[in-house]
Amino acid sequence: MLQFLLFFLILLSAFGQNAPNYNEPYSPIFTDKPVYSWTDKMKITIISPSWNSDRHQIDSIGETNEHPIKISTSEHSLDQYRFTETDVNSGIFTAEVTLTGFTHDADGDGDFDTTPRTIGNGPTSGFLEVDRDSAITISFEFADAVVLVESVPVRWNVGTINFIEDLFFLEKSAMVRVIDVDMNLNPEAIDHLPIQFFSDSDVAGIEVNAIETSENSGSFIATILLSQNSHSSGNRLYSLPGDEIFAKYDDHTLPKPYSKSDNLAIETTARIDSSIPPIERIKNSQITFSDGLGNVLQSFSQNSQMQIVGTILNEYDFKQKFVYMFQVKNDKHVVESISWIQGEISSQQSQDISQSWIPKKSGIYEIETFVWRSINDPTALSPLMSTLITIP
Ligand SMILES: [Ca+2]
Ligand SMILES: [Ca+2]
Ligand SMILES: [Ca+2]
Ligand SMILES: [Ca+2]
């Protein structure tokens with residue numbers, strides 16, 4: 001940029017003030033973005049040292065009939081728009097124009113969200129109506145019959161949505177970010193847009209207003225609270241450990257090849273877990289032994305069937321899936337038997353789990369029991385329990 005500026009200044013001084021070269025492909029009009037959305041604010045800079053008429057005063061250009069600056073689309077136009085010098089002796093002139101879009105319901109609630117208007121004479125007060133695929137042309141009659149022209153396109157964008165984390169914990173908050181610069185409807189004020197949230201446990205879900213992170217960012221944040229104890233309401237979403245949660249934004253401002261009335265649902269997901277550490281989620285008690293009728297065994301004998309009885313307790317307010325494992329090792333630490341039972345335990349419930357076993361030989365056996373989340377997910381939900389028995 002600086003190199004280009006220097007090049008241009010040299011070029012300009014080489015030609016002097018009254019001999020612009022019609023064949024030079026320079027265009028000293030710059031916009032602060034290469035592409036604009038429909039309600040952006042444009043900042044335009046024109047480098048024109050020859051219009052620095054007074055080295056001790058801020059000069060202005062564009063407002064005269066003889067050397068106008070025109071900012072226009074094919075349908076709307078700001079004529080004779082005034083640019084002012086950035087400093088008394090800079091020779092650089094700037095102005096701002098706020099784009100006002102066209103009549104459209106940008107969030108799908110049935111109401112129009114824009115106030116299209118074309119009015120103002122600069123340097124920062126102007127508004128210009130644009131369509132979705134307009135081109136904005138800035139032209140400056142730099143010298144008599146010498147017109148400098150720059151053109152920039154207007155375009156809508158497909159929004160993006162992302163949870164800030166992949167995993168959130170219950171009873172904590174979850175944050176989602178939507179970036180859609182088309183929803184920066186007012187570059188001077190904080191805008192809002194609606195986001196739907198739902199979970200595996202609440203498919204109806206909630207709608208939450210996302211808030212723009214600053215007046216002109218086009219980036220929106222929404223925060224919800226994840227609760228396993230209370231139903232969904234306001235910005236609180238009911239969900240359970242192991243759920244997926246979803247956030248959805250309906251983009252009603254889509255670029256070609258979509259039509260202006262199309263909308264597209266943009267979604268993201270995250271996983272939900274309890275904030276209680278997995279190993280503390282189920283309480284596993286010492287095993288007991290009983291006969292086939294449920295009576296507690298006082299002694300053991302070879303080749304007679306016994307029941308190994310475990311007890312688990314879910315002290316929490318949410319239902320849990322589990323797999324309970326029994327493992328019997330002989331005195332050489334070789335596993336003689338392994339079995340498991342899958343189930344679900346309601347909140348605040350205790351459950352007995354039993355497995356039959358026939359000791360084939362006398363000896364000392366170690367019986368271990370443990371609780372996993374599932375066969376495929378061997379996350380321990382309680383510490384391993386171990387009991388030694390002697391078969392005479
Ligand atoms: Ca000046
Ligand atoms: Ca609307
Ligand atoms: Ca805004
Ligand atoms: Ca959009």
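A few ground rules come before the details. This is a predicted model, in which local features need pLDDT of at least 70 and side-chain atom pairs count only at pLDDT 80 or more, while totals for chains, interfaces and linings use all residues. Residues are numbered from 1 along each chain as its sequence is written, and chains are lettered from A and ligands numbered from 1 in the order in which they are written.

Let's begin with confidence. pLDDT is the predictor's confidence in each residue, from 0 to 100. The protein chain averages 91, and 93% of the residues score at least 70. Over residues 1-7, though, the pLDDT is below 50, and this stretch has 1 contact beyond near neighbours in sequence. (Two residues are in contact if their C-beta atoms, placed from the backbone, lie within 7 Å.) Residues 9-25 also stay under 50, with 11 contacts beyond four places in sequence. Where pLDDT is low, the predicted coordinates should not be read in detail.

Now for the overall layout. The chain is divided into domain 1 (2-153), domain 2 (160-275) and domain 3 (279-391); such bounds come from an automatic or database domain assignment. The C-alpha centres of domain 1 and domain 3 are 79 Å apart.

Next come the strands, which are DSSP runs of E, at least two residues, numbered from the N terminus. Two of them pair if DSSP finds at least two bridges between them. One open sheet has 4 strands in the order S5-S4-S9-S10, paired antiparallel. Its edge strands, S5 (77-78) and S10 (146-153), each pair on one side only. Here are some antiparallel pairs, each with one facing couple of residues:

| Pair | Bridges | Facing residues |
|---|---|---|
| S9 (135-143) and S10 | 8 bridges | Ala135 and Pro153 |
| S11 (160-163) and S13 | 4 bridges | Ile161 and Val178 |
| S13 and S16 (219-227) | 7 bridges | Val178 and Phe220 |

A residue is buried if 20 or more other C-beta atoms lie within 10 Å of its own, exposed if 12 or fewer, and partly exposed in between, with C-beta atoms placed from the backbone.

Asp133 counts as partly exposed because 13 other C-beta atoms lie within 10 Å. Leaving out residues up to four places away in sequence, Asp133 touches Val154, Arg155 and Lys256. Ser304 is 171 residues from Asp133 in sequence and 84 Å away in space, C-alpha to C-alpha.
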